[in-house]
Amino acid sequence: MAKATLIVDKDFQIAPVDERLYGSFIEHLGRAVYTGIYQPDHETADEDGFRKDVIDLVKELNVPIVRYPGGNFVSNFYWEDSVGPKDQRKPRLDLAWRTLEPNEVGIQEFARWAKKAGSKPMMAVNLGTRGVDAALNLLEYCNLDTDTHYANLRRSHGDDKPYDIKLWCMGNEMDGPWQAGHKTAKEYGHLAAETAKAMKMMDDSIECVVCGSSSKYMPTFGSWEQEVLEEAYDYVDYVSLHTYWSNMADDTPEFFAQNIDLEEFIETVIHICDLVKAKKHSKKQINLSFDEWNVWYHSNDQDDKDMKDRPWRKHPHLLEDIYTFEDAIVDGLALITFLKHADRVKIAALAQLVNVIAPIMTEENGKAWRQSIFYPFYHASKYGRGISLNPVLRSTSHDTSAHEGVTDVDAAAVWDEEKQQLTVFAVNRCLDQEADFHIDLRGFEGYTLSFWEALESDDLKAVNSAEEEKVHPIQKEGSGNEFRLAPASWNVFVFKG
Ligand code: AHR
């Protein structure tokens with residue numbers, strides 16, 4: 001039997017959880033936008049053509065920020081073609097996903113959609129094929145209230161009030177040779193610095209995210225962050241991290257140990273930020289924006305076949321991973337890891353939100369439905385707001401094919417002082433053993449269990465569909481502070497004071 005104890009104390013705090021940790025991502029890719037968030041002929045479409053069934057699910061997830069419009073897509077994005085009267089908009093070639101972009105949805109629509117979904121855009125500018133000029137014009141269009149060309153252009157398009165977008169990504173994955181307009185670290189660092197500098201000259205209320213590596217497995221990982229930050233440190237606020245996991249080898253114990261590498265990735269990037277800070281004798285701290293994370297591999301073969309003839313198409317089915325029960329556990333472990341680093345990871349974006357490696361799927365002529373990975377995100381977004389605590393975890397452990405001493409249980413704790421609510425998220429990583437889990441609530445006198453919800457399944461490969469939700473939270477019976485976690489389970493304990 002696996003065994004773990006979590007000692008939780010109010011006085012041991014990591015940091016307040018930035019609500020932007022529960023962000024997500026909509027890219028012009030596959031069916032994320034068209035037949036995803038936007039489908040004017042769908043039975044639930046509103047007056048703007050947005051699917052209300054999708055908006056309802058996004059609201060359920062309570063996503064404070066949504067990154068837009070890419071991803072790789074942004075590196076060849078001509079924002080001017082995506083605004084103004086729809087009948088005058090120019091279709092474009094999207095080089096990233098070899099797709100015909102009709103520009104029926106653009107900056108204006110996305111700003112409107114985000115508002116309806118209770119979210120705010122995290123806007124990316126094109127630093128692939130474009131630069132400072134296009135970024136400044138877009139910022140003026142979005143945020144300025146002046147009597148000047150691009151602010152007036154927005155007004156002439158019917159949007160009198162600026163969108164007031166606070167968070168801006170300086171391009172996307174510019175270390176990747178696949179990127180249109182890929183650059184060396186020095187070239188990119190300089191361009192990102194100049195762009196962020198000029199944008200802040202126009203609107204000093206914004207924050208800027210500079211591109212880190214597109215994964216920790218890039219050959220330039222580490223040196224890329226250092227060189228880019230040496231150029232851009234003074235002008236940017238966050239550095240981005242991206243990670244996608246897969247279980248190609250069908251080695252689930254190893255799959256469940258991925259967040260150990262995630263932790264190492266986060267800590268390495270923190271060290272590099274602080275190294276550059278020290279070298280510059282700066283007082284400013286750069287934080288982390290983990291703005292792409294998820295499991296991504298189920299759709300690879302299908303997408304490879306699909307892209308073979310490289311046809312130009314409109315909103316093709318791409319990256320439509322159907323997620324398993326075990327994928328939900330991996331996403332839960334990632335959320336636990338982000339919470340443990342809430343002092344430096346201030347922003348994160350589950351990639352993505354609808355249809356494309358997403359918690360929400362849509363049928364073109366039917367309903368919107370929740371994938372397995374919907375639930376850990378839902379739980380964390382709903383109950384993981386407050387102060388991330390620094391609990392002591394003592395757990396039995398096991399070895400996996402690539403990791404030694406993997407704790408059988410992993411956990412994080414968040415205290416919402418105002419609501420007098422303490423939440424513990426816990427995963428039992430063992431596939432065939434229950435885990436006795438003791439939560440030592442020292443410092444939380446008077447707190448008692450309000451409820452315990454879990455994701456459990458006998459079938460690691462169970463998936464949801466539009467017809468059947470096989471993976472969904474169940475209510476667990478429990479009281480006191482001794483619990484028995486099912487093998488391979490995600491657990492949420494909510495205590496009230
Ligand atoms: O999220 C899918 C893609 O993954 C994004 O466009 C890109 O940034 C990353 O490589």
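Let's start with the ligand: 13 residues surround it, and Glu 27, Asn 172, Glu 173, Tyr 244 and Glu 292 are the closest. A residue counts as near a molecule if one of its heavy atoms lies within 4 Å of it. The model is a predicted one, in which local features need pLDDT of at least 70, side-chain atom pairs count only at pLDDT 80 or more, and totals for chains, interfaces and linings use all residues. Residues are numbered from 1 along each chain as its sequence is written, and side-chain values use heavy atoms, with hydrogens and water left out.

**The ligand and its shell**

By class, the shell around the ligand holds six nonpolar, four polar and three charged residues. Here Ala, Val, Leu, Ile, Met, Phe, Trp, Tyr, Cys and Pro count as nonpolar, Asp, Glu, Lys and Arg as charged, and the others, Gly among them, as polar.

| Residue (polar side-chain atom) | Ligand atom | Distance |
|---|---|---|
| Glu 173 | oxygen | 2.7 Å |
| Tyr 244 | oxygen | 2.8 Å |
| Gln 352 | oxygen | 3.0 Å |

On its own, the ligand has 280 Å² of accessible area, and the protein covers 95% of this. Such areas come from the Shrake-Rupley method with a 1.4 Å probe.

Where does the ligand sit? Its place is the largest pocket, and "sits" means that more than half of its atoms lie within 2 Å of the pocket's grid points. On a 1 Å grid over the protein atoms alone, a pocket is an open set of points with protein on both sides within 12 Å along at least five of seven lines, while a cavity is a set where a 1.4 Å probe fits but cannot get out; lining residues have an atom within 4 Å of a point. Grid points are joined across faces, edges and corners, and a volume is the space filled by probe spheres set on the points.

The largest pocket has a volume of about 740 Å³. Of its 38 lining residues, Glu 173, Ser 214, Ser 215, Tyr 244 and Trp 296 lie nearest the centre. The elements giving two or more residues to this lining are β10 (238-245), α7 (252-255) and α8 (258-279). Helices (H or I, at least four residues) and strands (E, at least two) are DSSP runs, numbered from the N terminus. The lining divides into 19 nonpolar, 12 polar and seven charged residues.

The second largest pocket holds about 580 Å³ of space. It is lined by 24 residues, with Ala 111, Lys 115, Lys 120, Pro 121 and Tyr 163 nearest its centre. Two or more lining residues come from each of α2 (107-116) and β7 (120-125), and α2 gives the largest share, five residues. This lining has nine nonpolar, four polar and 11 charged residues.

The whole structure contains four cavities of 30 Å³ or more. The largest cavity has a volume of about 60 Å³ and is lined by Phe 73, Asn 76, Phe 77, Tyr 78, Arg 92, Leu 93, Asp 94, Glu 101 and Asn 103. Strand β5 (residues 92-94) provides the largest share of that lining, three residues. Four of the lining residues are nonpolar, two polar and three charged.

**Backbone details**

Most residues other than glycine have a negative phi, and most peptide bonds are trans. Tyr 68 and Pro 69 are joined by a cis peptide bond with omega of about 5 degrees, and Pro 69 is found in the loop between β4 (65-68) and β5. The bond from Gly 70 to Gly 71 is also cis, with omega near 20 degrees; Gly 71 is in the loop between β4 and β5. His 315, which is not a glycine, has a positive phi of about 20 degrees, and lies in the loop between α9 (300-307) and α10 (325-340).

Notes:
Polar contact = N/O pair within 3.5 Å; in protein donor to acceptor, adjacent residues only side chain to side chain.
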